[in-house]
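Q: I have a structure open and would like to talk it through. Could we begin with the terms and then go through the details?

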Amino acid sequence: MSGRDLFCQPRRIGRGAALTLVFAGVLVTGAATGSFPDSGHSDRRTAQGAARTATRNDTVEKAAAEALADGKSPMEAAERAVSRSGDRWGAVYSEGEYEEFQEALDGEYTGVGLWARRERDGRIEVTKVQSGSPAAAAGIRKGDRLRSIDGERVDGRPVTDVVALLRGDAKGAAAGTTVRLGLERGTRAWNETLRRARLSTDSVTVRRLPGGVTVIRIAAFTKGSGDAVRTAVRQAPADAGIILDLRGNSGGLVTEAVTTASAFLDGGLVATYDVEGEQRALHADTDGDTARPLVALVDGGTMSAAEMLTGALQDRGRAVVVGSRTFGKGSIQMPTRLPDGSVAELTVGHYRTPSGHAVDGRGITPDLEAGAQPLERAETILSGLGDPS
């Protein structure tokens, strides 16, 4: 398991997993406020779907309001109501947790710029240091062992707890606050005091393989990631293909996923979705690169908006999908603010790929399995897809 001080997953991860970067909440918030492009389709609404959603929302809101009136926790009452609802993806988040999600989706976070993972022996190892971050300025390197945070030992702790300590979540730590790290490198052990900063996420990374193939990795669909992909496509060598690496991508802003699809499509359908029975559609922009060979690399951690993008490229015949079956998160949640500022999210609809494939609970089956060396396999397949010229 690994993590970074950007994404502090909520304590209720078992109920809302999903939503390290919520496709659902962002999608429905956008749809509800009219910030989605007009599909041009009729606004069909089924009474049954709307009534079912209203009942769920009313039940949760009522439970929270009654708890507040009785001097109890609205958030805990809402959690119990969501649990009883049978909604697989329903979840309740504290006000702070939900703000973190929104902050992360904006492409910024407060932290020190470390990625970390827990080794089998329980040790916490630094796996990457963000360029220009406080951690980089302090000389912390990949492979260093993280032993303590503000005096608390971290060996054996879940990475999500380590991330929370780095961010200072329990203290509501802001940029400018300090955190003291206990570190080890070989035989050297030392302490380093860092000042947290506002950092930009690097959700899109681009690299060139020796044979000229461009690998565009999208870790999450944060603000600006779609334009970053379009720029990478324009700058890629004309005589080589592209591998779009979506492994471990847990979703994000659906508008950014549509912009990414637009980099490879010349208009047309990306996905359809329904909200409380109202049918809508998402379309790509025109003038995308439709000729260059393209492989989309996925795995079981490819979720939500990343699955929507994968399904569009596969159904439209634009990419060969390589890897393993994706996660299967294709439902849509509506955020509801509760009396104490916490947020409940309940399922209100689902999306489908252009061919009508329902993703939720099923995932997307790749065209070809990846094997033990996914990237090498993707490169081999790409080489057989023809000359982009």
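A: Buried means under 20% relative accessible area, exposed means over 50%, and partly exposed lies in between, with a 1.4 Å probe and protein chains only. Helices (H or I, at least four residues) and strands (E, at least two) are DSSP runs, numbered from the N terminus. This is a predicted model, in which local features need pLDDT of at least 70 and side-chain atom pairs count only at pLDDT 80 or more, while totals for chains, interfaces and linings use all residues. Residues are numbered from 1 along each chain as its sequence is written, and side-chain values use heavy atoms, with hydrogens and water left out.

Q: Is strand 6 mostly covered or uncovered?
A: Strand 6, residues 145-149, is mostly covered, as four of its five residues are buried.

Q: Which strands does strand 6 pair with?
A: Two strands pair if DSSP finds at least two bridges between them. Strand 6 pairs with strand 5 in the antiparallel sense over two bridges, and with strand 8 (residues 178-185), also antiparallel, over four bridges. Strand 7 (residues 152-153) runs antiparallel to strand 6 and is joined to it by two bridges.

Q: And which residues face each other there?
A: Leucine 146 of strand 6 is the bridge partner of isoleucine 124, and leucine 183 in strand 8 is the bridge partner of leucine 146. Isoleucine 149 stands opposite glutamate 152 in strand 7.

Q: Changing topic: what is the strand order in the open sheet?
A: The six strands follow the order 11-12-13-16-17-20, and the pairing is mixed. Strand 11 (204-208) and strand 20 (368-369) stand at the edges with a single partner strand each, so one side of each is left without a neighbour in the sheet.

Q: What packs on that sheet?
A: Helix 8 (residues 225-235) does, touching strand 11, strand 12 (214-218) and strand 13, where contact means heavy atoms within 4.5 Å. The direction of helix 8 makes about 15 degrees with that of strand 11. Axes are lines fitted to C-alpha atoms, for helices over the stretch in contact, and angles run from 0 to 180 degrees between N-to-C directions. Helix 11 (residues 374-383) lies across strands 11, 12, 13, 16, 17 and 20, at about 160 degrees to strand 16.

Q: How many bridges join strand 13 to strand 16?
A: Four bridges join strand 13 (residues 242-245) to strand 16 (residues 294-298), and the two run parallel. Leucine 244 stands opposite alanine 296 in strand 16.

Q: Now threonine 326: buried or exposed?
A: Threonine 326 is buried, with a relative accessible area of 4%. This residue is found in the loop between strand 17 and strand 18 (331-337).

Q: Which residues does threonine 326 contact?
A: Leaving aside neighbours within four places in sequence, the contacts of threonine 326 include Val298, Asp299, Glu307 and Ile364.

Q: How much of the protein chain is buried?
A: Buried residues make up 53% of the 389 residues in the protein chain.
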